[in-house]
Amino acid sequence: MANTLTLNEVRRGRKQFTGFFASDMWTVKATVADTNAIALNDTLELTMAVPGVVLGDMVIGVSASMDLSDGTDQAVLTAHVTAANVVSIYLQADLGEFAADALNGAVIRVLVARPVW
């Protein structure tokens, strides 16, 4: 199956920012596998199941272990909670295109928090 993520780790807890995010926080780590090519100005969407997240939770940060800007291609990486128990990751090719499987093996890390305000 093309465009898959292997979920390596999901941790839920109350760790930092207790004045702002006194409820729950999630740290998620997943590995990208078998990606399709991403054409210039196109977006690749990868989804992962994160038990407990709901609409309104905030993705505080997202990172990739692979260089997304190597001079010939460049991508913008974002993530959002798109449904209950679902976080979607978006990679948009900005400059050039990404070949099929070019992102395989990249580790994506996401921090999700539930605000108290």
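Where is the place of Asn41? In this predicted model, Asn41 sits in the loop between β2 (25-33) and β3 (43-49).

**View 1. The chain is built from seven strands and zero helices.** Along the sequence the elements follow the pattern β-β-β-β-β-β-β. The chain has 117 residues, and buried residues make up 32% of them. Taking contacts between residues at least 6 apart in sequence, 71% join residues at least 24 apart.

**View 2. Asn41 has a positive phi in the loop between β2 and β3.** The phi angle of Asn41 is near 65 degrees, a positive value in a residue other than glycine. Asn41 counts as exposed because its relative accessible area is 55%, and the cut-off for exposed is over 50%.

**View 3. Asp101 has a positive phi in the loop between β6 (86-95) and β7 (107-113).** Phi of Asp101 is near 70 degrees, and Asp101 too is a residue other than glycine. With a relative accessible area of 39%, Asp101 is partly exposed.

**View 4. β6 pairs with β3 and with β5.** The pairing of β3 and β6 is antiparallel and runs over seven bridges. Within it, Thr43 stands opposite Gln92 of β6. β5 and β6 also pair in the antiparallel sense, over nine bridges. Here Ala79 has Ile89 in β6 as its bridge partner. In a regular strand, side chains alternate between the two faces of the sheet.

**View 5. Two residues lie between the strands in the hairpin of β5 and β6.** Asn85, in this hairpin, takes a positive phi near 70 degrees. Ala84 lies in the loop between β5 (74-83) and β6. Which residues does Ala84 touch, not counting those up to four places away in sequence? They are Val53 and Val54. Ala84 can also be set against Val50: the two are 34 residues apart in sequence, and their C-alpha atoms are 8.5 Å apart in space.

**View 6. The side chain of Arg114 makes polar contacts with Asp57 and Gly52.** Arg114 is placed in the segment after β7. Is Arg114 buried or exposed? Arg114 is buried, because its relative accessible area of 18% is under the 20% limit. The side chains of Arg114 and Asp57 are joined by a polar contact of 2.7 Å.

**View 7. The structure holds one cavity of 30 Å³ or more.** The space in this largest cavity is about 30 Å³. Which residues line the largest cavity? The lining consists of Val32, Ala64, Leu68, Leu91, Leu103, Ala106 and Ile108. By class, the lining has seven nonpolar residues, no polar ones and no charged ones.

Terms used
Residues numbered from 1 in each chain as written. Predicted model: local features only at pLDDT ≥ 70, side-chain atom pairs only at ≥ 80, totals over all residues. Heavy atoms only, no water. 1 Å grid on protein atoms, 1.4 Å probe; cavity = no way out; pocket = protein on both sides within 12 Å on 5 of 7 lines; lining within 4 Å. Points joined across faces, edges and corners; volume = space filled by probe spheres on them. Nonpolar A, V, L, I, M, F, W, Y, C, P; charged D, E, K, R; others polar. Helix = DSSP H or I, 4+ residues; strand = E, 2+ residues; numbered from the N terminus. Buried < 20%, exposed > 50% of the residue type's maximum accessible area, 1.4 Å probe, protein only. Polar contact = N/O pair within 3.5 Å; in protein donor to acceptor, adjacent residues only side chain to side chain. Contact = heavy atoms within 4.5 Å. Pairing = 2+ DSSP bridges.
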